Amino acid sequence: ELIDIIHGPKCKSRKFIPTRKFPTIILRDLIHTFFRQNGSNHNDIKPENLGYVVAKDNLPKGQFIDHGSANTYGISEPKDAKVSSFPGTILFFSPNKTPKKEMDPNAILFDSDEEKMNQFDEIKEAQQLQTLKTTSKGALPNFKNGGADNFWSFAVFIQECIDGKNPAIDYGLEKEDVFRCIHTKNFFESFLKSKAYQNFYKKDPDFIVVEEFLKFGFDKDPEVREKKRSEICNRDGNWSASQYKVDKE
């Protein structure tokens, strides 16, 4: 709802370019919620599964919902697993959870075919997006206990807040387009070159920690993501990731 309020109801389109800044204070608070509420174990992270509630002190507090895929005990996938034990959403699959067999290496990338880009059908696009936003059981197994994979998913979440749209749809809305995008596009480098970053965040000192989160969250190597996630969690020694916490005032 916040994404739609800030960017407008048509922000989900691939051709949308944000003209308003999603407040850094909210981005930081969302990331703090990710660490404070065990987002590393959620496994079905997406905007629909996180909202704000009014806490006892009458201040808004981020709250994860729909814990149906949560890895409650932090266990690893079975060694012989072919697919993940934890259903997730295609648009938020990390590269190591994304099937490669559905990728066509000879396909024309969607964003390089201008004619195709200009012939999209808004109604069909909305229907395809809705399908891609539905929880799927087709993910490959998590890396270890899934912490690194949820780190990636929440980086996508934050990117969607900033851009109004999910970065995984940049090559198109068919599953193979999404999978190819996740595997081949450098989400972080593309963000640094974007108008949103240049216009709203490049000179924002409070955005530095968010930028760090995106840089490592979008690393395609799950070992790197897991190492950085653990480092952030333990930076102040008590799992609060305090550099993301915002002043209540």
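In the predicted model, helix α5 comprises 17 residues, which at 1.5 Å a residue should span 24 Å. Helix α5 is mostly covered, with 17 of its 17 residues buried, that is, under 20% relative accessible area. Just after α5, G164 adopts a positive phi of about 85°.

Helix α5, at residues 147-163, also contributes to the lining of the second largest cavity, as does strand β3 (88-89); these are the elements that each give two or more residues to that lining. The largest share, three residues, comes from α5.

In total, two cavities of 30 Å³ or more are present in the structure. The largest cavity holds about 90 Å³ of space. Of the 13 residues that line the largest cavity, L91, L129, K133, E160 and N166 are the closest to its centre. Six charged, five nonpolar and two polar residues make up the lining of the largest cavity.

Methods
Residues numbered from 1 in each chain as written. Predicted model: local features only at pLDDT ≥ 70, side-chain atom pairs only at ≥ 80, totals over all residues. Heavy atoms only, no water. 1 Å grid on protein atoms, 1.4 Å probe; cavity = no way out; pocket = protein on both sides within 12 Å on 5 of 7 lines; lining within 4 Å. Points joined across faces, edges and corners; volume = space filled by probe spheres on them. Nonpolar A, V, L, I, M, F, W, Y, C, P; charged D, E, K, R; others polar. Helix = DSSP H or I, 4+ residues; strand = E, 2+ residues; numbered from the N terminus. Expected span 1.5 Å × (residues − 1). Buried < 20%, exposed > 50% of the residue type's maximum accessible area, 1.4 Å probe, protein only.
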